[in-house]
Amino acid sequence: MPLPRRFGIGPIRVTGVEDDTITMVVPLTRSKFESDGGCSATLIGSSADAPAHWDLTCRSAEKVTINQMTLTVTDITDKAAIIRIRPAK
């Protein structure tokens, strides 16, 4: 899902939804990362053919702030997830 450039990240790609967990790939266009301790994140460095990105694993009610965006997983059910994306404070 594409996001406004001001968030400092590229389009989010959901790579899986299973039981109570959603996994996502979030490309970075800036290098700052903040988290409230909710989602598990692994930074993958940039290469010649791909920018740096975060691999995120989140459970329901967890949130993460990346650059200027806050992503909250509001619910996960039956292989579907609802996430709320808004500007970070």
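The model is predicted, so local features need pLDDT of at least 70 and side-chain atom pairs count only at pLDDT 80 or more, while totals for chains, interfaces and linings use all residues. Residues are numbered from 1 along each chain as its sequence is written, and side-chain values use heavy atoms, with hydrogens and water left out.

View A. Asp78 lies in the loop between strand 7 and strand 8 (80–87), and Lys79 is found in the loop between strand 7 and strand 8. Strands (E, at least two residues) are DSSP runs, numbered from the N terminus. Most residues other than glycine have a negative phi. The phi of Asp78 is positive, near 40 degrees, and that of Lys79 is positive, near 65 degrees. Asp78 is exposed at 75% relative accessibility, and Lys79 is exposed at 64%.

**View B. The salt bridge between Arg59 and Asp20.** A salt bridge is a side-chain nitrogen of Lys or Arg within 4 Å of a carboxyl oxygen of Asp or Glu. One such bridge is found in a search of the whole structure. The side chains of Arg59 and Asp20 meet in a salt bridge with an N to O distance of 2.8 Å. This pair links distant parts of the chain, 39 residues apart: Arg59 belongs to strand 5, and Asp20 to the loop between strand 1 (13–18) and strand 2. Arg59 is partly exposed at 43% relative accessible area, and Asp20 is partly exposed at 37%.

**View C. The largest nonpolar core.** A nonpolar core is a set of buried Ala, Val, Leu, Ile, Met, Phe, Trp, Tyr and Cys residues joined through side-chain atoms within 4.5 Å. The largest one has 21 residues, and Ile9 and Ile66 have the most contacts inside it. Strand 2 (21–27), strand 5 (53–59), strand 6 (63–66) and strand 7 (69–77) each supply at least two residues of this core. Strand 7 gives the most, with four residues.

**View D. The lining of the largest pocket.** A pocket is an open set of points on a 1 Å grid over the protein atoms alone, where a 1.4 Å probe fits, with protein on both sides within 12 Å along at least five of seven lines; lining residues have an atom within 4 Å of a point. Of the ten residues that line the largest pocket, Lys63, Thr70, Arg86, Pro87 and Lys89 are the closest to its centre. Strand 8 provides the largest share of the lining, three residues.

Definitions and conventions: Buried means under 20% relative accessible area, exposed over 50%, partly exposed in between (1.4 Å probe, protein chains only).
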